[in-house]
Amino acid sequence: MTATEQPQEKRIFAVVVDNEPGVLARVIGLFSGRGYNIESLTVAETDPTGHLSRITIVTSGTLMVLEQIKAQLARLVPVHGVSDLTQEGPHVERELVLVKVAGGGARRIEALRIADIFRARVVDSTHRSFVFEVTGSTEKIDAFIDLMRPLGLADLARTGVVAIARGAESM
Amino acid sequence: MSVRTMTGAEMIVKALVDQGVEAVFGYPGGAVLPIYDEIFKQNRLRHFLVRQEGGAVHAAEGYARSTGKVGVVLVTSGPGATNAVTGLTDALMDSIPIVCLTGQVPTHLIGNDAFQEADTTGITRPCTKHNYLIRSPRDVASTIHEAFYVARSGRPGPVVVDIPKDVQFAAGVYRPPEEVKHKSYKPRTRPEPQAVEETVALIEAAKRPVVYVGGGVINSGPAASRALRRLVEATGFPCTQTLMGLGAFPASHPQSIGMLGMHGLYEANLAMHGADLIIAVGARFDDRVTGLLSGFAPNAKKVHIDIDPSSINKNVIVDVPVVADAGKAVEAIRRRWSARGGRTNYRAVEKWWREIAKWRKRDCLKYEHDDKVIKPQYALERLQAKIAGRDDVYVTTEVGQHQMWAAQFLRFERPHHWMTSGGLGTMGYGLPAAIGVQVAHPDALVIDVAGEASILMNIQELSTASQYRLPVKLFILNNQWMGMVRQWQELLHGERYSESYTDSLPDFVRLAEAFGWTGLRAERPEEMDDVIDAMIAADGPVIADVQVAQMENCFPMIPSGKAHNEMILGGMEDPEAEIDAEGMVLV
């Protein structure tokens with residue numbers, strides 16, 4: 001069976017890297033240069049004393065490609081470690097979205113009601129708009145956005161997935 | 001220890017000296033003037049001035065490949081750095097350890113489109129193993145030491161260190177190499193015992209084994225070649241080599257079945273196709289080696305020894321991955337195999353050798369000799385005859401037909417004596433690489449087997465060899481065509497020879513003389529020996545312009561997208577029918 005005939009799988013990789021210029025470009029360049037998918041990518045410094053950042057990448061590919069992605073990430077010189085969170089046991093994943101809904105009347109009330117069901121927080125409010133903050137799985141956020149669309153969805157910003165393994169072990 | 005401060009440029013030179021560097025290949029320019037000033041003031045480092053920065057990287061590659069040391073390049077910002085890009089990519093593909101220092105515009109001008117500014121770290125990120133931009137004199141020494149560590153550790157490769165001019169002038173405290181430890185990069189070199197055990201079990205059971213060795217064995221050092229030889233001799237298995245692996249196992253050894261791949265030997269490719277066990281050592285299942293992937297070694301269990309985990313399962317799914325240094329892995333496997341009784345399926349392997357002997361009898365490199373025109377194969381046969389038995393001969397090549405013929409007809413008995421651009425296929429590699437080899441081995445016979453098209457790509461380096469009195473020999477197989485392009489056009493594009501004729505060629509003899517070289521020419525087969533003798537005997541550099549048959553094709557050949565058993569052989573027989581019959585027997 002050739003690579004293209006194999007089924008695609010989704011994976012979440014957590015990558016701990018030196019927080020120095022060019023590291024993110026290196027990771028992104030690896031994905032574009034070798035033709036891998038990036039569904040989402042988040043990065044921020046997680047250890048200021050050790051100058052380490054953690055990158056969370058959601059990607060998809062065949063098993064052969066996913067194995068390559070992990071190996072290619074691991075061999076980058078500033079990479080300290082790569083975890084395949086999907087493979088290596090249970091994990092939790094969360095995404096945050098800011099959703100701006102504009103409009104008035106019944107649609108405004110309906111938006112607030114749905115926001116309450118989703119445990120969204122109102123982080124900005126004017127007479128003509130709300131900005132909701134929702135945290136949860138990608139599916140939950142997709143569902144919230146779909147519901148807001150007919151209610152005056154004006155703008156949105158998503159963080160992409162961050163994820164961490166369950167239990168006491170650290171990366 | 002004193003805490004005397006030095007300028008960045010002083011620290012750079014001291015760091016190179018402390019790393020054991022003796023030769024630097026480079027070209028000065030505005031953004032590296034402070035470093036060149038320091039080079040002027042000392043006599044530990046020898047600087048070799050090339051004629052274009054691309055030549056500097058290839059020279060450093062030749063130096064590195066023939067010594068096992070890190071090759072060092074020094075170029076200026078902007079065009080200096082961009083000219084180095086091809087060489088860096090070449091070194092990345094062939095896993096050659098290079099440290100390339102590039103000048104950069106002063107820190108405060110970075111990003112302002114300053115004169116001779118280029119985003120060197122951005123441009124070289126995908127074509128280096130790693131790169132650095134030094135922003136503070138504090139980091140100069142540690143970054144250079146780290147660059148050397150990264151370049152030579154694990155799977156070797158090129159590392160760029162970009163150094164702004166203000167950092168070269170600024171004062172800082174030097175740190176010696178011993179104080180610099182890398183935080184994250186610690187490649188695994190010892191094999192996992194479980195993988196060794198599984199390999200040994202496969203060795204014991206194999207009926208049709210092949211050991212397939214690549215450039216990783218050469219990178220691992222001469223001990224790896226010795227360990228490989230011990231394992232191959234102890235097991236009695238056949239051993240084939242990749243283009244990059246030539247010399248890792250002696251060509252004249254009875255168990256060597258020669259080079260495999262697109263222009264590899266019939267016996268090597270059919271052995272791979274029919275094998276039930278392939279032990280890949282420091283080789284990467286490159287597409288020139290495997291041919292059509294779905295038809296590659298269909299019945300073989302595959303063991304893959306590689307220091308780079310990303311090489312495993314990249315092209316070919318393997319049964320036993322062994323992530324380790326090639327030499328250490330081979331030695332561990334041999335010891336464990338001996339400890340378990342040193343058994344093989346002796347009878348089956350003997351039968352396998354009888355099959356291989358049949359394929360060998362085909363004599364796939366056979367060609368039609370011509371009394372009037374020099375066949376390129378004949379020229380190389382005569383060259384081989386003249387250099388046979390000498391252990392001070394180093395050969396580089398350019399890229400194309402002549403390169404494949406050189407790989408087929410010249411015989412390498414030891415590692416580090418064959419330098420060729422395998423992965424990237426860079427025309428113009430051979431002459432500067434030969435210069436680098438000659439710098440490392442001043443008394444050796446260094447021959448660049450070239451084509452007339454490739455050699456023109458870096459012809460300016462003739463001047464470098466003249467300047468440093470480097471007696472390199474250019475052996476040009478001049479067929480007046482870009483031979484490999486012409487061959488593909490003949491075989492695959494209906495003989496439409498689009499732009500592959502090299503018109504308006506220089507008179508290479510007079511060109512040689514213009515640069516202070518000796519120029520020789522051979523036009524008829526009977527002149528071949530005299531020209532080779534004169535070339536070898538000359539004290540200085542020589543161009544031997546060998547006028548060869550123009551339309552000769554390089555066979556055997558596995559056409560692109562075909563499997564090993566679909567090889568085209570040369571000669572007068574009908575190859576198709578023959579191969580089909582062999583293929584039927586095998587599959």
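Author: In this predicted model, chain B holds an open sheet of 6 strands. Read across the sheet, the order is β16-β15-β17-β18-β20-β19 (chain B). The pairing is parallel. Two strands form the edges: β16 (418–419) and β19 (518–522) of chain B. Each of these pairs on one side only.

Helix α17 (residues 401–409) of chain B lies across β15 (393–397), β17 (445–451) and β18 (473–478) of chain B. It runs at about 135° to β17(B). Helix α18 (residues 430–440) of chain B lies across β15, β16, β17 and β18 of chain B. Its angle to β17(B) is about 175°.

Next, the nonpolar cores. In soluble globular proteins, nonpolar side chains tend to be buried together. Here the largest nonpolar core has 207 residues. B:Val73 and B:Ile98 have the most contacts inside it. Beyond its close neighbours in sequence, up to four places away, B:Val73 touches residues including B:Phe25, B:Ala56, B:Ile98 and B:Leu101. Another core, of 14 residues, lies apart from the largest one. Among its members are A:Val101, A:Phe130, A:Ile141 and A:Phe144.

Last, the place where the chains touch. Chain B gives 17 residues to the contact, and chain A gives 18 residues. The chain B side has 6 nonpolar, 6 polar and 5 charged residues.

Conventions. Residues are numbered from 1 along each chain as its sequence is written. Chains are lettered from A and ligands numbered from 1 in the order in which they are written. This is a predicted model: local features need pLDDT of at least 70, side-chain atom pairs count only at pLDDT 80 or more; totals for chains, interfaces and linings use all residues. Two residues are in contact if their C-beta atoms, placed from the backbone, lie within 7 Å. Ala, Val, Leu, Ile, Met, Phe, Trp, Tyr, Cys and Pro count as nonpolar, Asp, Glu, Lys and Arg as charged, and the others, Gly among them, as polar. Two strands pair if DSSP finds at least two bridges between them. Helices (H or I, at least four residues) and strands (E, at least two) are DSSP runs, numbered from the N terminus. Axes are lines fitted to C-alpha atoms, for helices over the stretch in contact, and angles run from 0 to 180 degrees between N-to-C directions. A nonpolar core is a set of buried Ala, Val, Leu, Ile, Met, Phe, Trp, Tyr and Cys residues joined through C-beta atoms within 7 Å. A residue is buried if 20 or more other C-beta atoms lie within 10 Å of its own, exposed if 12 or fewer, and partly exposed in between; C-beta atoms are placed from the backbone.
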